[in-house]
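Please brief me on this protein model.

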Amino acid sequence: MSARVLTFALLLSLGASAEPTVWTLLKPSARARFSVEAPLDAIHGASSGLSGTLTFAEEAWASGVGRIRIDLTGFTTGLSLRDEDLRDQFFQVEKFPDATLLLTGIERVTAASLTLGTDVQADAVGTLSLHGQTKPIRVPITVRLTESNGARELQVRGSLEVPMADYGIPRPARLFLKLGTVAQVTFEASFRAGAASSVSKGVAAVVPVAGAAASAQSAPFPPLSLSVVVARRSKSTARAPAWDFALTSPEGRGERLFREPTVGSELNANSCASCHSMRDERTGLFDALGHVKSNATLWDSGRRPTYWRGFAENLEQGIDICVRKFMLKPGGAAKEQLGDLAAYLRRLSTDVQPPEDYSGLVLGRQTAIDRPTGGNAERGAVLTERYCNYCHAEGALRPPLTVGLYEADYLVKRVRWISGHDAKQMPPMSMKRLRDSELRDIVTYLVGDDGNRIFHRRPKPVAAPRTEVPQPVAPASAG
């Protein structure tokens with residue numbers, strides 16, 4: 001074989017290896033998960049109906065193009081009425097049933113070609129079409145090429161900001177001014193290589209969305225998350241507290257840590273003082289401003305034999321459970337911080353006390369209250385100020401609670417931590433602290449009536465009333 005023939009064959013092989021390949025989104029039912037922070041806490045949900053493809057060659061992936069479609073009619077949050085609001089009045093799915101991410105190129109790549117098991121960074125550029133508006137976007141992404149059962153797969157993750165106003169999405173002011181105007185979207189996705197594309201980039205820059213072929217894939221689709229962060233650490237303008245103990249002592253450092261949210265993670269907004277007072281509550285639950293903390297006082301609590309129903313054998317372990325569970329720090333607090341906090345609590349504990357009684361919490365989590373909107377709204381307004389507004393107020397941990405924004409069952413589940421609740425930092429409130437009748441009044445007030453609902457839901461079709469008059473049954477004739 002001549003050198004010219006060998007050279008021609010080599011060029012053919014190189015050209016074949018660089019032929020663009022169609023990569024199809026892996027999905028059993030194309031589900032995407034998301035979370036949106038709200039005045040109470042994060043709302044979690046999922047979306048089904050994602051589909052799409054990418055087209056690129058591993059050796060020249062910066063020339064990649066693609067299209068991803070998100071079916072907005074499939075968003076669910078676990079609460080049917082809230083789902084209805086999301087679809088009908090936020091996304092307006094009857095007019096805009098889907099969103100489309102169009103990828104037109106890859107820029108600022110850290111490696112020109114993809115190799116197995118290696119992360120590569122780049123910017124994906126293109127457009128996002130949402131709510132009838134199309135805007136250019138630039139998305140920083142990280143990709144990794146893998147192989148599974150002989151098939152090449154591409155793992156993609158990244159994030160982008162979506163300014164809601166840019167897409168003309170209607171945002172009821174009483175709700176969405178609390179959430180902010182920009183959604184931070186993070187995503188992960190998996191694509192599997194198929195046949196080489198027979199369409200050159202010069203002929204068609206975008207590959208059509210895959211249909212039945214894509215839905216036949218069986219690999220799971222990783223999460224897509226949407227979050228709008230509103231939890232914040234309070235920036236009070238009040239005078240600094242008068243400390244009882246010197247900063248140089250363990251109890252003095254613990255006294256200050258008791259009011260310090262940095263004991264938790266960077267996302268944490270709670271301090272120990274957010275949920276617990278240090279007063280003798282035998283004289284009453286109300287503080288000087290008329291508020292009630294969500295959980296029992298820690299006054300005289302430092303000399304109990306066990307904590308957390310025996311899960312913590314000493315005070316330091318009990319504090320650490322709080323940090324892990326309610327202050328968003330799975331790894332727990334630093335040993336020195338736990339020691340200082342424990343020293344502070346022990347300094348204010350003169351007597352040995354029995355373990356905390358959790359029967360009110362346990363019973364409250366077992367069943368929801370009956371007739372949750374059968375209370376007195378006027379009393380509920382007063383009780384909301386007492387039991388809720390320490391945390392839910394202007395400049396506090398969470399925005400003020402808004403009448404007409406919530407559903408009754410949702411509120412009861414969160415307050416009592418009944419199965420299916422989505423509370424994160426909000427702790428449960430015991431029946432001994434907030435009675436069912438009081439919770440019923442609060443729920444009645446916050447749910448509101450049809451006149452002050454923030455979302456106005458479409459009426460459900462009802463069967464036409466019966467018009468014919470039933471005919472009497474003729475008596476049986478005597479034989």
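**Salt bridges and overall build**

The structure holds 22 salt bridges. The model is a predicted one. Its protein has 479 residues, and 43% of them count as buried. The fold contains 12 helices and 11 strands.

**Overall figures**

- Take the contacts with a separation of 6 or more: 68% of them involve residues 24 or more positions apart.

**Selected salt bridges**

- Arg 138 pairs with Asp 123 in a salt bridge, with the closest N and O atoms 3.2 Å apart.
- This pair links distant parts of the chain: Arg 138 belongs to strand E8 and Asp 123 to strand E7, 15 residues apart.
- Asp 123 counts as buried, at 7% relative accessibility, whereas Arg 138 is partly exposed at 42%.
- Glu 255 and Arg 256 also meet through their side chains in a salt bridge, at 3.9 Å from N to O.
- In that pair, Glu 255 is buried, with a relative accessibility of 1%, and Arg 256 is partly exposed at 21%.
- Arg 282 and Asp 280 form a salt bridge with an N to O distance of 2.9 Å.
- Here Arg 282 counts as exposed, at 70% relative accessibility, while Asp 280 is partly exposed at 21%.
- One network, built from salt bridges that share partners, joins Glu 107, Arg 108, Asp 123 and Arg 138.

**Cysteines**

- How many disulfides does the structure hold? The count is zero.
- Cys 272 is in no disulfide, and the nearest cysteine sulfur, in Cys 322, lies 7.0 Å away.
- Cys 272 counts as buried, at 14% relative accessibility.
- Cys 391 is partly exposed, with a relative accessibility of 21%.

**Nonpolar cores**

- In soluble globular proteins, nonpolar side chains tend to be buried together.
- The largest nonpolar core has 39 residues.
- Which of its members touch the most others? They are Trp 61, Leu 114, Ile 141, Val 143, Leu 154, Val 162 and Phe 191.
- At least two residues of this core come from each of strands E1 (21-25), E4 (50-56), E6 (98-107), E7 (119-130), E8 (133-148), E9 (151-163) and E10 (182-196), and from helix H2 (80-91).
- Beyond its neighbours within four places in sequence, Trp 61 is in contact with residues including Phe 56, Ile 106, Val 109, Leu 114, Val 120, Ile 141 and Val 143.
- The contacts of Trp 61 also include Ser 113 and Gln 121, along with Ala 111, Ala 112 and Ala 122.
- Another core lies apart from the largest one; it has 24 residues, among them Leu 383, Leu 411, Leu 434 and Leu 446.

**Helix H9 and Gly 364**

- Helix H9 spans residues 359-366, and Gly 360, Leu 361 and Gly 364 are buried in it.
- These three residues lie on the same side of H9, because they cover an arc of only 100 degrees around the axis.
- The general rule behind such spacing is that an α-helix has 3.6 residues a turn, so residues three or four places apart point the same way.
- What covers the buried residues of H9? The cover includes helix H11 (408-416).
- Gly 364 has its place in helix H9 and counts as buried, at 2% relative accessibility.
- Leaving aside neighbours within four places in sequence, Gly 364 is in contact with Arg 416, Ile 418 and Met 431.
- Gly 364 and Met 429 are 65 residues apart along the chain, and their C-alpha atoms are separated by 8.4 Å.

Note on methods. Residues numbered from 1 in each chain as written. Predicted model: local features only at pLDDT ≥ 70, side-chain atom pairs only at ≥ 80, totals over all residues. Heavy atoms only, no water. Helix = DSSP H or I, 4+ residues; strand = E, 2+ residues; numbered from the N terminus. Buried < 20%, exposed > 50% of the residue type's maximum accessible area, 1.4 Å probe, protein only. Contact = heavy atoms within 4.5 Å. Arc of directions from axis to C-beta. Core = buried A, V, L, I, M, F, W, Y, C linked by side-chain atoms within 4.5 Å. Disulfide = S-S within 2.5 Å. Salt bridge = Lys/Arg side-chain N within 4 Å of Asp/Glu carboxyl O.
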